[in-house]
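Let's take a walk through this fold together. Have a look at the sequence and the structure first, and then we'll follow the chain.

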Amino acid sequence: MLQEFGAKLKALFGIRTFDEKFFSELEDFLIEGDLGPSMASYISNEVHLRAKSEKPKSQEDLQKLVKSILMDKIETYTPEFDASQPTIWLILGVNGVGKTTSIAKLARYYVRQGHQVLLCAADTFRAAAIDQLDIHAQRLGVRIVKQSNGSDPGSVVYDAITSAKTKGEDLVLVDTAGRMHNKENLVRELAKIDKIIKGRGLDAVHYKKFLVIDSTTGQNGVSQAELFNAAVPLDALILTKYDSLSKGGALLQIGEKLHVPIAFVGTGEGYEDLHPFNKEEFLNTLVGLGDK
Ligand code: GDP
C-alpha cells in the first residue's frame, strides 16, 4: 500500500546526518518507488539544497519539504460542463486496465449529479466489449448506442453524437478499442474517431479525452500515457485500482513528463468506487504525513 511507502520514507528521514550515504539511500528508495532515475536524482538534489537553507529540524519538516518539491509535479483535473451542446468524453486505455468498469462508474457518478448520460460502444473489435457495456447500460438505466461487432468505430461515434443531440443526453461516454494488431493501427483508429468528433463541430470545451491507467502498473503506465498522448492529446487520467496502489512514483512521472492531470481514481469494483483525485491526500500519503 501507498501508506507503507510513506512510512518507509518517514523512517528514512528519521536517520542521522545528511551525508552522502543518506542522499544515495534516498535516491535508491525513490527509484524503487517508481519515480524513475532522473526524478529521483532531482528530488534528492533538491532536498540536499533546500535542507541546507531551510534547516529542517524534524522528520516531519523533511516530509513536508519533499511534499513541497512534488507539489507542482502532479495536478488535479476538475471537469466542467457547458450545456449548450452535448459533451463527449473519449475513454481510452489498453485492455484490462478497468476501462469498461470506469465508464460504468462515470455514468453512475454523473447520473447522480443530474446529467443525462449516453454510452457509446466504439470498441467494435471485441464483441465482448459491446456486450459488457450493454449490461452496464441496462443495470445503470442509461441508453447505449452500439452497432454490430466489426463495424466502423467512427460511425458508432457519429451515431451516438446525433442520437444524444436528438434525445437530449448531455454527456456521451465513448468506449474505445484498447488493442489492435499493432500500435500503428490503434493510433490510426483513434485519430479517425478524433477527426469525426471534431468534424461534428465539438470544440475543446465539449470534447475531452481521458486515459484510463491501472495505477499499479508503474513504468508501464508511463509508456501507455506516452503512446495515447501521441495519438490524441490527453486531457486527463483516470486511475483504476487505486485501492491497491503501492508506489505512487509512476503517477508523478506522468505528471512531470506529459503534464496530464488526474481526474478520478477507482477504488474498487463497485459502481460507487470512483472519486475525484485528491492531490493533497495523495502527496500526504506518499510522504507518510497521513491525512493532515
Ligand atoms: P477493461 O478491459 O479495461 O475494460 O477492464 P474491465 O473494466 O473489464 O476491468 C478489468 C478488471 O479490473 C475487472 O475485474 C474489474 O472489476 C477490475 N477493476 C476495475 N477498476 C478497478 C478498481 O478501481 N479497483 C479494483 N480493485 N479493481 C478494478
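Strand β6 covers residues 236-240, and because five of its five residues are buried, the rest of the structure largely encloses it. Here buried means under 20% relative accessible area, with exposed over 50% and partly exposed in between, using a 1.4 Å probe and protein chains only. Strands (E, at least two residues) and helices (H or I, at least four) are DSSP runs, numbered from the N terminus. All of this comes from a predicted model, where local features need pLDDT of at least 70, side-chain atom pairs count only at pLDDT 80 or more, and totals for chains, interfaces and linings use all residues. Residues are numbered from 1 along each chain as its sequence is written, and side-chain values use heavy atoms, leaving out hydrogens and water.

Now for the side chains: A236, I238 and T240 point one way from β6, L237 and L239 point the other way, and all are buried.

What pairs with β6? Strand β5 (residues 207-214) does, in the parallel sense over five bridges; pairing takes at least two DSSP bridges between two strands. L237 in β6 is the bridge partner of L211. Strand β7 (residues 262-266) also runs parallel to β6, joined by three bridges, and there V265 stands opposite L239. From β6 the chain crosses through helix α10 (residues 249-258) to β7 in a right-handed β-α-β crossover, meaning that, with the strands pointing away from the viewer, the path from the first strand over the helix to the second runs clockwise.

Finally, find M39 in helix α3 (residues 37-54). M39 counts as buried because its relative accessibility is 4%.
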